[in-house]
Amino acid sequence: MMIRTAAVGAVLALTGAFPALDEWVEQGWAASALLAVEDAAGPRADAAGEARTDGHFRIGSVTKTFVATVVLQLVDEGRVRLDDPVGRYVAGVPKGDLITVRQVLNHTSGLYDYAHGEGWSTNRWRGADRFRGYRPQELLDEAFRHPSNFEPGTGWRYSNTNYVVAGVLVERVTGRPYGAEVRDRVLRPLGLTRTSVPGHRPGLPHPHARGWTEVDGRLVDATLMNPSLDWAAGEMISTADDLNRFLDALLGGRLTSAASLAAMRETTATGTIFAYGLGLQRYDLPCGRSVWGHGGELIGYLTYAVRSDDGRRATLSYNPLPAGVPAEAVIGLFAEVYC
């Protein structure tokens with residue numbers, strides 16, 4: 001048995017701690033995978049393939065939890081109100097006089113998801129366009145040329161557009177880039193030195209596992225890409241240790257007021273495997289326990305970062321292959337951790 005020590009956070013990786021990860025690689029479901037668990041008993045972590053437990057990865061929509069946290073901090077400061085029309089803060093939003101900030105954060109705004117358009121999703125191969133840079137207004141222009149999915153507050157539909165709007169809101173209220181607010185309000189206070197808002201940088205810090213996708217029947221390295229197409233909806237990069245510490249601080253009440261955290265945990269039914277709050281997903285496990293956090297996907301990378309109310313936190317990141325990891329295998333792994 002080999003023991004590795006992470007460069008930051010002193011997470012001990014005991015090879016064989018989670019044999020399911022090796023099985024995923026052996027089955028051809030994933031090229032690499034890592035899982036880090038922390039609770040009062042201490043840390044456990046494991047990795048398979050070329051992944052390392054201290055490795056960086058694209059966190060995709062887990063970015064939304066960081067952005068929602070900043071918005072709720074602005075609420076705590078009296079600079080934003082959740083039930084204000086979002087048009088009070090961001091001009092040009094269709095039905096912005098009816099859609100509230102709360103509805104933007106919990107995906108009940110009805111705004112069309114710009115990522116549904118051909119060539120507008122970082123979850124699909126885009127050839128040379130994957131290195132193209134985008135401005136947030138371009139993403140909003142693409143979204144706003146489509147009709148809304150439903151009237152505000154009358155339904156639920158996941159839309160990356162909501163969190164581009166939320167990122168713009170942060171910038172309009174503070175006068176600073178949303179990434180700077182995330183760094184100053186969350187990353188630096190918590191010492192999350194290995195979490196970054198990359199902007200237009202196409203690479204990841206080392207070490208990292210490579211992401212793959214299938215193009216015309218062959219595997220293609222999809223690691224490098226300009227993530228500005230996701231911006232505040234999903235561009236960030238992190239590590240398992242950093243995400244575990246972030247969720248512990250957020251759900252432990254150290255980043256917002258108790259009232260704002262309670263608002264984040266007020267969920268809407270989605271008809272999927274999770275209920276959705278304000279930048280938080282609640283997953284109900286087969287054993288009856290629930291965990292809170294968020295999942296995220298960018299081409300070549302899938303991440304789930306969650307925490308239970310007893311303080312146990314777990315971050316899973318893997319690099320899926322075309323066969324994919326069966327949903328029951330992912331649920332089974334989290335059931336092993338929490339049940």
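By class, how many nonpolar, polar and charged residues are there in the lining of the second largest pocket?

Guide: The lining has 13 nonpolar residues, no polar ones and one charged. Here Ala, Val, Leu, Ile, Met, Phe, Trp, Tyr, Cys and Pro count as nonpolar, Asp, Glu, Lys and Arg as charged, and the others, Gly among them, as polar. Bear in mind that this is a predicted model, where local features need pLDDT of at least 70 and side-chain atom pairs count only at pLDDT 80 or more, while totals for chains, interfaces and linings use all residues. Residues are numbered from 1 along each chain as its sequence is written, and side-chain values use heavy atoms, with hydrogens and water left out.

A pocket, by the way, is an open set of points on a 1 Å grid over the protein atoms alone, where a 1.4 Å probe fits, with protein on both sides within 12 Å along at least five of seven lines; lining residues have an atom within 4 Å of a point. Points are joined across faces, edges and corners, and a volume is the space filled by probe spheres set on them.

Now for the pocket itself. It holds about 270 Å³ of space, and of its 14 lining residues, I273, Y283, Y304, V330 and I331 lie nearest the centre. Strand 10, strand 12 and helix 9 (327-338) each give two or more residues to this lining, with helix 9 giving the most, four. Helices (H or I, at least four residues) and strands (E, at least two) are DSSP runs, numbered from the N terminus.

Strand 10 (residues 281-284) and strand 12 (residues 301-307) are both partners of strand 11. Pairing requires at least two DSSP bridges between two strands. Strand 11 runs antiparallel to each: four bridges join it to strand 10, and seven to strand 12. Seven of the nine residues of strand 11 (residues 290-298) are buried, so the rest of the structure largely encloses it. Buried means under 20% relative accessible area, exposed over 50% and partly exposed in between, using a 1.4 Å probe and protein chains only.

Rings of Phe, Tyr and Trp (its six-membered ring) pair if their centres lie within 6.5 Å, and planes under 30 degrees apart count as stacked, over 60 as edge-to-face and the rest as tilted. By this rule there are 12 aromatic pairs. One of them is W156 with F274: the centres are 6.1 Å apart and the planes at 75°, so this pair is edge-to-face. W156 sits in the loop between helix 4 (136-144) and helix 5 (160-174), F274 in strand 9 (residues 274-276), 118 residues apart. Both are buried, W156 at 18% relative accessible area and F274 at 15%. Y304 and F334 are also edge-to-face, because their centres are 6.2 Å apart and their planes at 80°. That pair links strand 12 to helix 9 across 30 residues, and F334 is buried at 8%. W156, Y158, F274, Y276, Y283, Y304 and F334 form one aromatic cluster.
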